[in-house]
Amino acid sequence: MTAPQIEFPSSKPIVLSMGDPAGIGPEIIVKAFRERPSLMQHVVVAGDVATVRHAMQLGGHAQEGMRSPMLAELNGLRDFSCLPPGCMAVVQACTLKQPVALGRISAEAGQAAAACIHFAAQAALSGQARAVVTAPIHKEALAAAGVEFPGHTELLQALSVEHLGVSVSALPVRMMLSCPGLSTVLVSIHLSLRQALEAVTQAQVLQTVRITQAHFRLCGLEQPRIAVAGLNPHAGEGGLFGREEIDAIAPAVAQARAEGIDCSGPHAPDTVFMRARQGAFDVVVAMYHDQGLIPVKLLGLEHGVNTTLGLPFVRTSPDHGTAFDIAGTGQASAASLLAALDAALHATAKA
């Protein structure tokens, strides 16, 4: 770096992992720097310098009046505090022998994405980063690379467990998806639907409610109004359409209320998300992945944020995937990534 150096007010950056280099991650990172340079001064990209540099040149996608950032390759996070103004800071966090083909699943891309996640997580766990934000990855590419975890949430949990020296059961995590007007927390994450049904137990639902309350308290809402969705149509209709509400969900709600948590349910899943959006609840606990994600993505995919609850550090991400079909075309929006960065910065405002 040869440009004049200045000191920024924060000594700890948000570390933004590049995501799958064959997807839209690198280009939306560049777009985010162009659109919100004042926000991005808090960010260091953990990625591949050549891939990010290529994304800066894709089709000349800078909008009129927006200047392209200067790429600054840092030797490590210790260089963040003296970053030149207007620069896009990148740390070489993975190894790619050559650029990967855009829009194609490959083990090379999956391995690079995993390496960037490892770098970001270790930075947060060691106290060098104030938060982690992750650009989208492709689960098939991770699997092709031999990564045993199906997604960010499970991998970050495993890395945290290893760092802390505890068991997985001692560090339960949950996924929260949010868009303007609606937040949902999932009892189970990346399981088949059959396995997800088996995961609806009193213990799992109660643990999810407790983790949800703890997160909102950390964010300044002392007593969040938590709605718990039912599993079956009309929340089971008193056992006519299944007994999960009677045997698992209602007892979990009762126990949570006995602990002083403002929790209600089980609510009919076909109306509870609408009621939350209208202001009746602060967050909905959903019983499985698609039950919670479909309403959030329908209402606000471009501004959706994925937050992992229960980790020893703040982690957020955009609420969309790698979009291989448009990678490299300049069509991808940075709005969800910017929302995820805003959420991480807000959650660590006192850091």
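This is a predicted model: local features need pLDDT of at least 70, side-chain atom pairs count only at pLDDT 80 or more; totals for chains, interfaces and linings use all residues.
A residue counts as buried when its relative accessible area is under 20%, as exposed when that area is over 50%, and as partly exposed in between. The protein chain as a whole contains 12 helices and 12 strands, and buried residues make up 54% of its 351 residues.

**Overall fold**

- The radius of gyration of the protein chain is 21 Å, which agrees with the value near 20 Å that a compact globule of 351 residues would have.
- Along its principal axes, the C-alpha trace of the protein chain spans about 70 × 45 × 40 Å.
- When contacts between residues at least 6 apart in sequence are taken together, 73% of them join residues at least 24 apart.

**Helices α12 and α8**

- Helix α12, which covers residues 335-347, has 13 residues and reaches 18 Å from its first C-alpha to its last, close to the 18 Å expected at 1.5 Å a residue.
- Helix α8, made up of 17 residues (202-218), reaches 25 Å between its first and last C-alpha, which is close to the 24 Å expected at 1.5 Å a residue.
- The buried residues in α8 include Val205, Leu206, Thr208, Val209, Ile211, Thr212, Gln213, His215 and Phe216.
- An α-helix has 3.6 residues a turn, so residues three or four places apart point the same way.
- Just after α8 comes Gly220, whose phi is positive at about 100°.

**Packing of α1 against α3**

- Helix α1 (residues 25-35) and helix α3 (residues 49-57) have axes that come within 8 Å and cross at roughly 65°, and the crossing in which α1 passes α3 is right-handed.
- On the α1 side, Pro26, Glu27, Val30 and Arg34 meet Thr51, Val52, Ala55 and Met56 of α3; by class, this contact of α1 with α3 has 5 nonpolar, 1 polar and 2 charged residues.

**Backbone exceptions**

- Most residues other than glycine have a negative phi, and most peptide bonds are trans.
- Glu237, although it is not a glycine, has a positive phi of about 50°; Glu237 is found in the loop between β8 (226-229) and α9 (244-258) and is partly exposed, with a relative accessible area of 40%.
- Ala323, likewise not a glycine, also has a positive phi of about 50°; Ala323 has its place in the loop between β12 (315-318) and α12, where it counts as partly exposed at 24% relative accessibility.
- The peptide bond that joins Gly265 and Pro266 is cis, with an omega of about 0°, and Pro266 itself lies in strand β9 (residues 263-267).

- Lys12 is found in the segment before β1 (14-17) and, at 38% relative accessibility, counts as partly exposed.
- With residues up to four places away in sequence not counted, Lys12 touches Phe80, Gly127, Gln128, Ala129 and Arg130.

Definitions and conventions. Residues are numbered from 1 along each chain as its sequence is written. Side-chain values use heavy atoms; hydrogens and water are left out. Axes are lines fitted to C-alpha atoms, for helices over the stretch in contact, and angles run from 0 to 180 degrees between N-to-C directions. Helices (H or I, at least four residues) and strands (E, at least two) are DSSP runs, numbered from the N terminus. A crossing is left-handed if the near helix is turned anticlockwise from the far one by less than a right angle, and right-handed if clockwise. Contact means heavy atoms within 4.5 Å. Ala, Val, Leu, Ile, Met, Phe, Trp, Tyr, Cys and Pro count as nonpolar, Asp, Glu, Lys and Arg as charged, and the others, Gly among them, as polar. The expected span of a helix is 1.5 Å times one less than its number of residues. The radius of gyration is taken over C-alpha atoms; the globule rule is 2.2 Å times the number of residues to the power 0.38. Buried means under 20% relative accessible area, exposed over 50%, partly exposed in between (1.4 Å probe, protein chains only).
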